[in-house]
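Here are a few notes to read with the model open beside you.

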Amino acid sequence: MSSNLPLTPWRDKSVWLVGASSGIGQATAHALHAQGARVFVSARNAAALASFTASHPGAVALPLDVTDAAAVQVAAQSVLAAGPLDLMMYCAGYYKELRAADYDLKEMLQHNAVNYVGALHVLDALLPAFRARGAGHISLVASVAGYGGLPKSLAYGPTKAALINLAETLYMDLKDSGVGVSLICPGFVETPLTAQNEFAMPALLKPDQAAEEILQGWQQGDFEIHFPKRFTRWVKALGLLPYPAYFAAVRKVTAL
């Protein structure tokens, strides 16, 4: 049974992708544009956004640092002034490996500022308009890293766990309001962030494959869109284990 109203067809729908200069965000923006959506793209990298809009006629670039609450408000007003917004996808992300032995408060706070607080800034700017209209869709990109604690994910994992909880709560609060909410939890996708990893990444996907999964999930009205399922289902199963078994399994797998 679907959790949200299906998001299809995309022609003439208005979408705002926050964090669309590369990777999953840019690939999803490309896929939506190809299906006729009016696409707004935001990220800090203005040059990458300009390159995207140059090759995607009608797309609008709104360079933005999500940690700047005032700038988010200005960008959101520009999007809303162009007409009703059908979808906002938050995929801005920051990632650096971190373990307790190298604890770095600055890194912890930077992850939180981009991955979680940035999403709160966008919600603050858009949620009143969505609720007043009784329509719109909020999609938050978390990660399987948010399902449970993992080595080297001391800074990144907790921010993704926070997004998962946020999406779940938003969905319950907004279920009868006409505003849809979805949660996107990718496994490993080939992006500038994962390019930092020096370990083998099982079931690694290309960004266009991730975008295909996301659009399919939206079309089906799914709340959680996780992929590739041959990997994400296995990670979910780990989370069902009692803690002693979970810790042992994670240690074994990450030591391979």
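Contact, as used below, means heavy atoms within 4.5 Å. This is a predicted model, where local features need pLDDT of at least 70, side-chain atom pairs count only at pLDDT 80 or more, and totals for chains, interfaces and linings use all residues. Residues are numbered from 1 along each chain as its sequence is written, and side-chain values use heavy atoms, with hydrogens and water left out.

1. Let's begin with serine 42, which is found in strand 2 (strands are DSSP runs of E, at least two residues; helices are runs of H or I, at least four; both are numbered from the N terminus). Serine 42 counts as buried because its relative accessibility is 0% (buried is under 20% relative accessible area, exposed over 50%, partly exposed in between, with a 1.4 Å probe and protein chains only). Leaving aside neighbours within four places in sequence, its contacts are Trp16, Leu17, Val18, Gly19, Ala20, Leu49, Leu62 and Leu64.

2. Now for helix 2 (residues 46–55), where Ala48, Leu49, Phe52 and Thr53 are buried. Seen down the helix axis, these buried residues fall within an arc of 135° (taken from the directions from the axis to the C-beta atoms), so they line one face of helix 2. Ala47 and Ala54, on the other side, are exposed.

3. What do the buried residues of helix 2 pack against? Their partners are helix 1 (23–34), strand 2 (38–42) and strand 3 (60–61).
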